[in-house]
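Subject: Structure handover and notes

Hi,

I'm passing the structure over to you.

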Amino acid sequence: MALTIGFWILAVVAVIGALLVVVLKDVFRAALSLVLALVAVAGIYVTLSADFLAGVQILVYVGAISILLIIGIMLTREVQQGNTTNKFRIPAFLTALVFFGVLCFVFLSTPWQVSGVDPLVPTAGPLAVKLFGEDGYILTVEIAGVLLLAAIIGAIAMAREK
Amino acid sequence: MVGLEHYLLLSAALFSIGLYGVLAKRNAIAILLCIEIILNAVNIALAGFSRYITPLELTGQVFAIFIMVVAAAEATVGLAIIMAIYRSRGSVDATKIDLMKW
């Protein structure tokens, strides 16, 4: 019961935060409402009993990516010009609406084979076994590290003064 | 009782909002914000599948973690590109960045 109430509150907060990102006229306020939506998504992970994922969400998205985006907004000084839309506003809205309708139809008409087993709690240990253990995703973890290194070097090379 | 469909519909709603923002926004950084919303929607769907269809496997959560890694890399490189464009052209208006338009 508490899970249901929590899910609905967090879902409404997440959707409102995401809507404010596209509706608000000020890019800085849009970034702050994105932070609200990201925190709500972390709560959604908690209701899915994905505790490690919720922690990573707070650390990476709320802690790092949102700060990076806010610094970007401050450095580009476009805040006063606002968060306006281009001339494709109405076609884009219709596209998003049709896409949402198609997704709803597919999600509600597919017979999902839901398992009645209770999920693993806590997930940090099993996730570590999954990522680093035998028959795990260790190669993917290494590639992810190389990808992050390449992204950092690429970002420095592109953003520094010539 | 909350089921898999609730999480999938929440994911679909967030994805559609982000899609509208990506298509309709003028400011390149606002487009990056909307891309983050889209990636979070996908992560919710993956965590929901992991919770309700394979509760003991955690594969969906592993995928979600890798998506977060890629999202961090994407935000870094995207912002660096936007900074470079802002320095050379003095604007981050995505409708005016048409150097490669033929």
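Below is what was found in it, with the cut-offs given as they come up.

This is a predicted model, in which local features need pLDDT of at least 70 and side-chain atom pairs count only at pLDDT 80 or more, while totals for chains, interfaces and linings use all residues. Residues are numbered from 1 along each chain as its sequence is written, and chains are lettered from A and ligands numbered from 1 in the order in which they are written.

**Where the chains meet**

Let me start with the interface as a whole. On the chain B side 62 residues are in contact with 74 residues of chain A (contact means that C-beta atoms, placed from the backbone, lie within 7 Å). The elements of chain B that give two or more residues to this side are α1, α2 (28-52) and α3 (59-89); helices here are DSSP runs (H or I, at least four residues), numbered from the N terminus. α3(B) supplies the largest share, 20 residues. By class, the side of chain B that touches chain A has 46 nonpolar, 11 polar and 5 charged residues. For the classes, Ala, Val, Leu, Ile, Met, Phe, Trp, Tyr, Cys and Pro count as nonpolar, Asp, Glu, Lys and Arg as charged, and the others, Gly among them, as polar.

**Helix pairs across the interface**

Two packed helices are described by the angle between their axes and the distance between the axes. The axes are lines fitted to C-alpha atoms over the stretch in contact, and the angles run from 0 to 180 degrees between N-to-C directions.

- Helix α4 (residues 89-109) of chain A packs on helix α1 (residues 4-24) of chain B at about 160°, with axes 9 Å apart. The two are therefore roughly antiparallel (the term is used for angles over 145 degrees). Residues making the contact include A:Phe93, A:Phe99, A:Phe100 and A:Phe107 from α4(A), and B:Leu8, B:Leu9, B:Leu19 and B:Tyr20 from α1(B). By class, this contact has 17 nonpolar, 2 polar and 2 charged residues.
- Helix α1 (residues 2-23) of chain A and α2(B) also pack at about 160°, with axes 10 Å apart, and are therefore roughly antiparallel. The contact is made by A:Ala18, A:Val21 and A:Val22 of α1(A) with B:Leu33, B:Cys34 and B:Ile37 of α2(B). Its residues are 6 nonpolar, with no polar and no charged ones.
- α3(A) and α2(B) pack at about 170°, their axes 10 Å apart, which makes α3(A) roughly antiparallel to α2(B). Among the residues in this contact are A:Leu53, A:Ile65 and A:Leu69 of α3(A), and B:Ile29, B:Leu32 and B:Glu36 of α2(B). They divide into 8 nonpolar, 2 polar and 1 charged.

As for α1(B), this helix is mostly covered, with 16 of its 21 residues buried (buried means 20 or more other C-beta atoms within 10 Å of the residue's own, exposed 12 or fewer, and partly exposed in between, with C-beta atoms placed from the backbone).

**Helix α2 of chain A**

α2(A) has 21 residues and reaches 30 Å from its first C-alpha to its last, close to the 30 Å expected at 1.5 Å a residue (the expected span is 1.5 Å times one less than the number of residues). A:Val41 lies in this helix, residues 27-47. With 30 C-beta neighbours inside 10 Å, A:Val41 counts as buried. Leaving out residues up to four places away in sequence, A:Val41 touches A:Ala14, A:Gln57, B:Asn40 and B:Ile44.

**Backbone points to check**

Most residues other than glycine have a negative phi, and most peptide bonds are trans.

- Just after α2(A), A:Ser49 takes a positive phi of about 55°. A:Ser49 sits in the loop between α2 and α3 (51-76) of chain A and counts as buried, with 20 C-beta neighbours inside 10 Å.
- A:Asp135 has a positive phi near 55°. This residue is in the loop between α5 and α6 (138-159) of chain A, and A:Asp135 is exposed, with 7 other C-beta atoms within 10 Å.
- A cis peptide bond joins A:Val121 and A:Pro122, with omega about -10°. A:Pro122 is placed in the loop between α4 and α5 (124-132) of chain A.

Best wishes

Conventions
Parallel < 35°, antiparallel > 145°, perpendicular 65-115°, else oblique. Contact = placed C-beta atoms within 7 Å.
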